[in-house]
Amino acid sequence: MKELNMPRVKKPTKVKEPIRLRMKPLSDGSKSLYLDIYRDGKRTYEYLKMYIIPETDNNARKRNQATMDAANAIKSKRIIELTNGEAGIENREKVFLLDWMNTYKENQAKRGKKDGNQIAVTIRILNDYAGERMTMDRIDKAFCQDYLDYLMTEYRPKGKRVSNFTLHTYYRILNGALNAAVRAEIIKVNPFTKINNSDKIRLPESKRSYMTIEEVRALIATPMNNEAVKSAYLFSCFC
């Protein structure tokens, strides 16, 4: 009996992912996780700062599993962002600067930081400088440089100029909030990193005072109730 020729069933074509999660072995035995991104004929890499450790016990295995789950979640998110970008879809929710600053203030308080009053003042300054409708996606190098210039030239609470030490605090607060926004993936980069240090608000140099030889001799000759304390202080003068 002649066999019938059955049509061949084509195997489904495996779709190549534009982003793959890969590992780079490190000298200490751990592995660094990174994303291998291939788009428009170009390959780029995003290192996640996440690591797989040697599985010496059950806790290590659980930790590695949690790390892999988190890394794959980031990978999935990047694929969605990449796909939406190629399709011209923009679905990122607008985040207002003042809303983020208040969130940053709350998070700092949860971490036990005591800079709540300084953040509150910085929020008021940003409100005067940029208004309530400033969104995080519009913050760039020019915005940050103009903010520094505003502090130095226009910010005058009660009509008086404040010290560079105080102005540096208000720069530091916004800089810290933008770093936190990068970690939260609200913005891609902190624009302050693109500004030269010479153009930023710098702390005034501290002045150190020294004892003269005559003052040291007078201290040696001065009797004290606790000679051990005096001896320790004199010792530190010559270190």
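Is K49 buried or exposed? Select K49 to begin the tour: this residue is exposed, with a relative accessible area of 71%. Here buried means under 20% relative accessible area, exposed over 50%, and partly exposed in between, with a 1.4 Å probe and protein chains only.

Before going further, note that this is a predicted model, in which local features need pLDDT of at least 70 and side-chain atom pairs count only at pLDDT 80 or more, while totals for chains, interfaces and linings use all residues. Residues are numbered from 1 along each chain as its sequence is written, and side-chain values use heavy atoms, with hydrogens and water left out.

Remain at K49, which lies in strand β3 (residues 42-52). Strands (E, at least two residues) and helices (H or I, at least four) are DSSP runs, numbered from the N terminus. K49 is not a glycine, yet its phi is positive, at about 60°. Most residues other than glycine have a negative phi.

Next, select E185, in the loop between α5 (164-183) and α6 (213-221). Its phi is also positive, near 60°, in a residue other than glycine. E185 is partly exposed, with a relative accessible area of 27%.

**A buried aspartate**

Move to D36 in strand β2 (residues 31-39). D36 has a relative accessible area of 7% and is therefore buried. Display its side chain together with those of R22 and R43. A polar contact of 2.8 Å links the side chains of D36 and R22, and another, of 2.7 Å, links the side chains of D36 and R43. A polar contact is a pair of N or O atoms within 3.5 Å; within protein, one must be able to donate a hydrogen and the other to accept it, and residues adjacent in sequence count only if both atoms are side-chain atoms.

**A patch of negative charge**

Now select D140, D146, D149, E154 and D199 together; they gather in a patch of negative charge on the surface. Among the members, D140 is found in the loop between α3 (116-130) and α4 (141-153). D140 is partly exposed, at 39% relative accessible area.

**Across the chain**

Finally, select M152 in helix α4, a partly exposed residue at 29% relative accessibility.

Notes:
Patch = residues over 30% accessible without salt bridge, like charges linked within 9 Å, V, L, I, M, F, W, Y side chains within 5 Å. Areas by Shrake-Rupley, 256 points an atom, 1.4 Å probe, with all protein chains shown as cover. Salt bridge = Lys/Arg side-chain N within 4 Å of Asp/Glu carboxyl O. Lys, Arg positive; Asp, Glu negative; His and termini not counted. Charge placed at Lys NZ, Arg CZ, Asp CG, Glu CD.
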